Amino acid sequence: MSPDEYCQQKAASSGSSFYYAFLFLPAERRRAITALYAFCREVDDVVDEGMDPQVAAAKLAWWRAEVANLFAGRAQHPVTRALEPHRDNFGLSAARLNEIIDGMEMDLQQSRYLDWPGLETYCYRVASVVGLLAAGIFGYRDARTLDYARNLGIAFQLTNIIRDVGEDARKNRVYLPIEDLQRFGVPAADILQARETPAFRALMQFEAERARGYYASAMSALPAADRRTQRPGLIMAAIYRTLLDEIQRDGFRVLTQRSSLTPLRKFWLAWRTWIAA
C-alpha cells in the first residue's frame with residue numbers, strides 16, 4: 001500500500017475520535033493530519049505494547065533518527081514518507097515531533113506524578129504539541145490560536161487520563177498526581193485495587209473540573225477569525241466533552257469500566273459541530 005493508505009488504515013483501525021474530526025477536511029489537509037496522527041500512534045504503540053523498557057527506548061531512538069531523516073529528505077517509514085510532502089507547507093518541525101517522543105519516553109521513565117506541574121508537562125508533550133502541529137495543518141491567522149491548541153490538548157489528555165484510570169492501574173500506572181490523592185484521602189492502593197469510594201469520586205470530580213477549566217480556556221482563546229479553519233479541533237472538543245459528561249453521569253466508574261461513545265454518536269457530534277462552526 002502507499003504511505004497515505006498506510007496512514008489511513010492506521011487511523012481508521014484505531015477507532016479514535018480523531019478519525020471523525022478529519023472526515024470533512026479538504027484532501028491535502030486530511031492527508032497531512034492523518035499522517036501526523038499515524039506518527040503519534042506509531043510512537044505511542046512503542047510504549048503501549050508492553051515490551052522491555054530498553055527495547056522500547058531503542059525503538060523511540062530509532063524514531064528520533066527517522067524524524068531527522070524526514071527533515072533531511074531521506075524518510076524511510078511509510079508514516080514519515082506520508083508526512084514529507086506536507087513538512088514545509090504546514091510548518092511541521094523536527095523539534096515538535098521530538099517533543100512528542102519526549103512525552104512517550106516519560107512513560108518509560110515514570111509511572112507516578114508528584115504534582116500537577118509534572119503531569120501538565122506530560123500532557124503538553126503528548127497532546128498539546130500534537131494540537132500545535134494540527135493547528136498549523138488546519139490553518140490559522142491569529143497567534144492566539146496556538147494558546148487555544150495548547151489548552152485543548154491538555155483538556156483532551158486529562159479526559160483520557162480520567163477515562164483510563166482503571167486500565168492504567170492494571171499496568172501499575174497512576175497518572176493522577178500524588179498531591180491530589182493525598183488532598184482527597186485516596187491511597188494509591190485504592191486505585192490499584194479498584195476500590196471505588198466516595199473519596200475517589202470526589203477526586204475524580206476535581207480532575208473533571210480541572211479538565212473543564214482547560215476546555216473553557218481553550219474556547220475563550222480561539223479567535224473568531226480562525227474558528228472556521230479550526231473546526232476539526234472543535235469537533236474533538238465536542239466529542240471529548242460529551243465523553244467527560246457521560247463518565248460523570250455514570251458516577252466515575254472508571255476503575256472497572258472504560259466509557260466510550262458509539263461511532264454513530266461521534267459522527268453526529270462531528271457533523272453538528274462542523275455545520276455550527
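Which residues are linked with Arg41 in a network of salt bridges?

Reply: First, the ground rules. This is a predicted model, where local features need pLDDT of at least 70, side-chain atom pairs count only at pLDDT 80 or more, and totals for chains, interfaces and linings use all residues. Residues are numbered from 1 along each chain as its sequence is written, and side-chain values use heavy atoms, with hydrogens and water left out.

Now the network. Lys10, Glu42, Asp44 and Asp45 are linked with Arg41 by salt bridges. A salt bridge here is a side-chain nitrogen of Lys or Arg within 4 Å of a carboxyl oxygen of Asp or Glu. Side chains of opposite charge can pair when their charged atoms come close. By this rule the model has 20 salt bridges.

Arg41 bridges to Asp45, and their closest N and O atoms are 3.3 Å apart. Both sit in helix α3, and because they are four residues apart, about one helical turn separates them. Helices are DSSP runs (H or I, at least four residues), as strands are (E, at least two), and they are numbered from the N terminus. How covered are the two partners? Arg41 is partly exposed, at 21% relative accessible area. Asp45 is buried, at 18%. Buried means under 20% relative accessible area, exposed means over 50%, and partly exposed lies in between (1.4 Å probe, protein chains only).

Asp164 forms a salt bridge with Arg258, with 3.1 Å between the closest N and O atoms. This pair links distant parts of the chain, 94 residues apart. Asp164 is in the loop between α8 (144-163) and α9 (165-169). Arg258 is in the loop between α13 (231-249) and α14 (263-276). Asp164 is buried, with a relative accessible area of 10%. Arg258 is partly exposed, at 45%.

Here is another bridge. The side chains of Asp190 and Arg195 meet at 2.8 Å, N to O. Asp190 lies in helix α11 (residues 188-192). Asp190 counts as buried, at 10% relative accessibility. Arg195 counts as partly exposed, at 36%. Leaving aside neighbours within four places in sequence, Asp190 is in contact with Arg195, Thr197 and Leu255. Contact means heavy atoms within 4.5 Å.

Asn69 is in helix α4 (residues 53-71). Asn69 is buried, at 13% relative accessibility. With neighbours within four places set aside, Asn69 touches Arg74, Ala75 and Gln76. The C-alpha atoms of Asn69 and Arg81 are 9.8 Å apart, and the two residues are 12 apart along the chain.

Last, look at a nonpolar patch. Leu23, Phe267, Trp268, Trp271 and Ile275 form this patch on the surface, with about 510 Å² of accessible area together. Accessible areas come from the Shrake-Rupley method with a 1.4 Å probe, and for residues only the protein chains shown count as cover. Patches take residues with over 30% relative accessible area and no salt bridge; like charges are joined within 9 Å, and nonpolar side chains (Val, Leu, Ile, Met, Phe, Trp, Tyr) within 5 Å. Leu23 sits in the loop between α2 (18-22) and α3 (27-48). Leu23 is partly exposed, at 32% relative accessible area.
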